[in-house]
Each structure stands twice: as C-alpha cells, then as structure tokens.
Amino acid sequence: ALTALNLRANRIGAFGMQALAATRHFSALSVLNLFKNQISDDGMQAFARSTAFPCLTSFDAGDNRVGDKGVIALASSTGFPSLTSLCLDRNLIGDPGVQALAEAAGLTSLRNLYLGCNRIADCGVLALAASTRFPRLTYVRLSGNNVGRSAWETLKQSPHFSKLTILGGSVGR
C-alpha cells in the first residue's frame, strides 16, 4: 500500500484536490506533500470533508493560496486524528484561520505547525498561546508574519506548552 505521496508543484488545483479527497485508494497514506499546487480554499474544503486519509501524519499544503475559509474547514474536520505535522506556510491565512486552528478539536496530535509567511498578526498568535488543544505541540514556525513583541512573548510564556520551539524571525512592532 502507498504510504507517501509527493505531488509537489504539479498545479493540481482545487479540482485535483477534490479528486484526491474523493478517492479510496489512500487509506494507508501517512505523508502527503502538495506544496505549491494552487489548491485554494475550495480544494482545502474538499480535503477537510474527506475521510480518505485516516492514517495521515504529515500534510504539506504550503504555497497553495489557501486562506481563512480553507483553514477554518480543516480546523473543523475530525478526519485527521493522526496528523502530527501540518505545513501551511506561504498561504493567505490570517487571524481568523489561526483562531480556528487554535480551537480545533480534531488536530490534538499535532507536534509541528508551520504557518510562516502568511497574514497572521497578534490576535492569531494570542489565540495559539491560549489554546489547550495542542498538548503535543513542540514546534511552531511563524516567521514572515506581522506579529508584535508582546504577542511573541505571550506565546513563549504560554503555560499550555511545556516544550515549544518557536521560529519567528525578527520580532515586529
């Protein structure tokens, strides 16, 4: 059975993502790399509704024009109980999307969360800092976002994470 699929930079788009999400051939898939495929919110919403990936542990959807609508759908999903690594770098995600992730009941296995180079500001980071949904989270990338010093400090000092490495680049404001 196929356990890893790398479709990086294939321009599958929302339609291709809908086709992937509808298949029943990936039940053993643990790693899915869809970096730079123009998935958009529509494709991410189809993925979020899918039950085709019960064993998925690593999902890279970076650089796909995914915004808050797509991430809110993903955060609402319960179809990815084994997901430990989620890459959403280089998308169009703002505070509403991160706030939804912070409240996601179905992503409690996450250890690595990549949100670099999006449209995230203080509200999103503060939502992550207050979240109790990620008991296993040990790494967060937030570089390339517009986050102020106070929000960074709040995340660093959050009592909800015992060991958290934060990559944020230079601190703003």
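Trainee: How many disulfides does the structure hold?

Mentor: A disulfide is a pair of cysteine sulfur atoms within 2.5 Å. The structure holds zero disulfides. Cys87 is in none, and the nearest cysteine sulfur, that of Cys117, is 10 Å away. Please note that this is a predicted model, in which local features need pLDDT of at least 70, side-chain atom pairs count only at pLDDT 80 or more, and totals for chains, interfaces and linings use all residues. Residues are numbered from 1 along each chain as its sequence is written, and side-chain values use heavy atoms, with hydrogens and water left out.

Trainee: Is Cys87 buried or exposed?

Mentor: Buried means under 20% relative accessible area, exposed means over 50%, and partly exposed lies in between, with a 1.4 Å probe and protein chains only. Cys87 is buried because its relative accessible area is 9%. Cys117, at 41%, is partly exposed.

Trainee: What is the phi of Cys117?

Mentor: Most residues other than glycine have a negative phi. Cys117 has a positive phi of about 55 degrees, although it is not a glycine. This residue is found in the loop between strand S5 (112–114) and H5. Asp63 also has a positive phi, near 55 degrees, and is found in the loop between strand S3 (58–60) and helix H3 (68–76). Helices (H or I, at least four residues) and strands (E, at least two) are DSSP runs, numbered from the N terminus.

Trainee: At what angle do the axes of H5 and H6 cross?

Mentor: Two packed helices are described by the angle between their axes and the distance between the axes. Axes are lines fitted to C-alpha atoms, for helices over the stretch in contact, and angles run from 0 to 180 degrees between N-to-C directions. The axes of helix H5 (residues 122–130) and helix H6 (residues 149–156) come within 8 Å and cross at roughly 15 degrees. H5 is therefore roughly parallel to H6, a term for angles under 35 degrees.

Trainee: Which residues of H5 and H6 meet?

Mentor: Contact means heavy atoms within 4.5 Å. From H5, Asp122, Val125, Leu126, Leu128 and Ala129 meet Ala151, Thr154 and Leu155 of H6. These residues divide into six nonpolar, one polar and one charged; Ala, Val, Leu, Ile, Met, Phe, Trp, Tyr, Cys and Pro count as nonpolar, Asp, Glu, Lys and Arg as charged, and the others, Gly among them, as polar.

Trainee: What covers the buried residues of H5?

Mentor: The buried residues in H5 are Gly124, Val125, Ala127, Leu128 and Ala129. Their cover includes helix H4 (95–102), S5 and H6.

Trainee: How many residues of H2 are buried?

Mentor: Helix H2 (residues 40–49) is mostly covered, with seven of its ten residues buried. Among them are Met44 and Phe47. The cover includes helix H1 (13–22), strand S2 (31–33), S3 and H3.

Trainee: Which residues does Thr138 touch?

Mentor: Not counting residues up to four places away in sequence, Thr138 touches Arg111, Asn112, Lys163, Leu164 and Thr165. Thr138 and Arg111 are 27 residues apart in sequence, yet 5.3 Å apart in space, C-alpha to C-alpha. Thr138 lies in the loop between H5 and strand S6 (139–141).

Definitions and conventions. Parallel < 35°, antiparallel > 145°, perpendicular 65-115°, else oblique.
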